[in-house]
Amino acid sequence: MTVEIPNYTTDEFFGLEDKWIETAEGELTHYHELGEGTPILFLHGSGTGVTAAANWWLNLPQLSEHGRCIAIDSIGYGQSIAADDVQYGIKEWVRHAVRVLDALGFEKTWIVGNSLGGWLAFQFALDYPERLLGIVSMGTGGAKLTQALKGHSNPNLSEEGIRDTLELFVVNKELVTDELVKLRYQSALNDTASDRLKEVVAARDRDRNELPLDFERLAELDIPVLLIHGVQDHVIPVSRTWEILNTVPHADAHIFSQCGHWSQVERANEFNEVVSSYIKRHI
């Protein structure tokens with residue numbers, strides 16, 4: 001069965017070209033691609049109205065100088081179309097990432113993941129270690145439920161609610177512009193996202209309790225790992241990075257001051273420099 005490509009164009013605000021690839025029967029993955037060379041797969045977080053573009057638009061142009069950057073909308077998010085029988089959850093989001101690699105012909109990849117995407121990166125390392133070159137993870141998800149995360153579990157689907165969520169991500173509230181709020185709100189309401197929001201949020205929160213990362217196995221990881229965190233991250237506390245740093249043998253960490261959960265946006269230029277330097281050293 002061939003899935004029809006939606007009539008959709010990512011807003012020019014993000015400056016990214018739309019691409020689509022069939023990754024399973026009834027499944028069409030929406031993604032953005034820049035650069036060439038070593039594969040670098042970008043996995044976004046799980047905030048309301050999140051898309052690959054809305055997570056990575058300030059990072060892909062610079063980081064694509066160091067590899068073939070593929071930023072996907074995970075199934076259940078953005079414009080990717082999931083099969084009718086999909087069962088959302090951490091394991092299935094990882095399997096979806098693997099299907100993307102297979103469809104694009106990539107044997108191994110780096111993963112750069114934010115929040116939920118960082119959680120997926122480490123679960124990917126546990127489930128498919130032979131497919132992974134290294135991890136860059138910011139504000140790694142899967143931690144115990146905080147008050148801020150409880151708010152994510154019952155999102156306020158309005159422009160005001162979107163603004164409140166985005167302002168929780170940053171120290172510098174001026175980054176949350178009217179245009180960005182409007183775009184995230186539109187994304188949250190698009191035809192392929194509105195009916196599944198509660199389902200994907202429930203799956204994420206279920207797996208936080210039922211499928212937490214196995215730290216005994218993480219202690220055996222033999223790949224380069226860079227952890228990035230903002231000191232003022234109120235969504236995922238910086239203690240999450242210390243926990244992983246003290247477990248994974250080859251993990252390094254970069255901590256940004258005056259920075260919240262959205263380090264790739266709030267400190268974009270420095271973030272790009274840190275990640276570029278790290279990946280270049282390990283390619």
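## Helix 4

In this predicted model, helix 4 comprises 12 residues, numbered 116–127, and its first and last C-alpha atoms lie 16 Å apart, close to the 16 Å expected at 1.5 Å a residue. Of these 12 residues, 11 are buried, so helix 4 is largely enclosed by the rest of the structure. The buried positions are Leu116, Gly117, Gly118, Trp119, Leu120, Ala121, Phe122, Gln123, Phe124, Ala125 and Leu126.

## Loop residues with positive phi

Most residues other than glycine have a negative phi. Ser115, in contrast, has a phi near 60°. Ser115 belongs to the loop between strand 5 (109–114) and helix 4. With a relative accessible area of 10%, Ser115 is buried, because buried means under 20%.

Gln258 also has a positive phi, near 45°, and is likewise a residue other than glycine. The loop that contains Gln258 runs between strand 8 (251–256) and helix 11 (263–266).

## Negative surface patch

Glu22, Glu25, Asp84 and Asp85 together form a negative surface patch. Among these residues, Glu22 is located in strand 1, which covers residues 19–24. The relative accessible area of Glu22 is 32%, so this residue is classed as partly exposed.

## Arg281 in helix 12

Helix 12 (residues 268–282) contains Arg281. Arg281 counts as exposed because its relative accessibility of 56% is over the 50% cut-off. Arg281 and Pro224 are separated by 57 residues in sequence, and their C-alpha atoms are 10.0 Å apart in space.

Note on methods
Residues are numbered from 1 along each chain as its sequence is written. This is a predicted model: local features need pLDDT of at least 70, side-chain atom pairs count only at pLDDT 80 or more; totals for chains, interfaces and linings use all residues. Side-chain values use heavy atoms; hydrogens and water are left out. Patches are made of residues with over 30% relative accessible area and no salt bridge: like charges are joined within 9 Å, nonpolar side chains (Val, Leu, Ile, Met, Phe, Trp, Tyr) within 5 Å. Accessible areas come from the Shrake-Rupley method with a 1.4 Å probe; for residues, only the protein chains shown count as cover. A salt bridge is a side-chain nitrogen of Lys or Arg within 4 Å of a carboxyl oxygen of Asp or Glu. Lys and Arg count as positive and Asp and Glu as negative; His and the chain ends are not counted. The place of a charge is taken as NZ of Lys, CZ of Arg, CG of Asp or CD of Glu. Helices (H or I, at least four residues) and strands (E, at least two) are DSSP runs, numbered from the N terminus. Buried means under 20% relative accessible area, exposed over 50%, partly exposed in between (1.4 Å probe, protein chains only). The expected span of a helix is 1.5 Å times one less than its number of residues.
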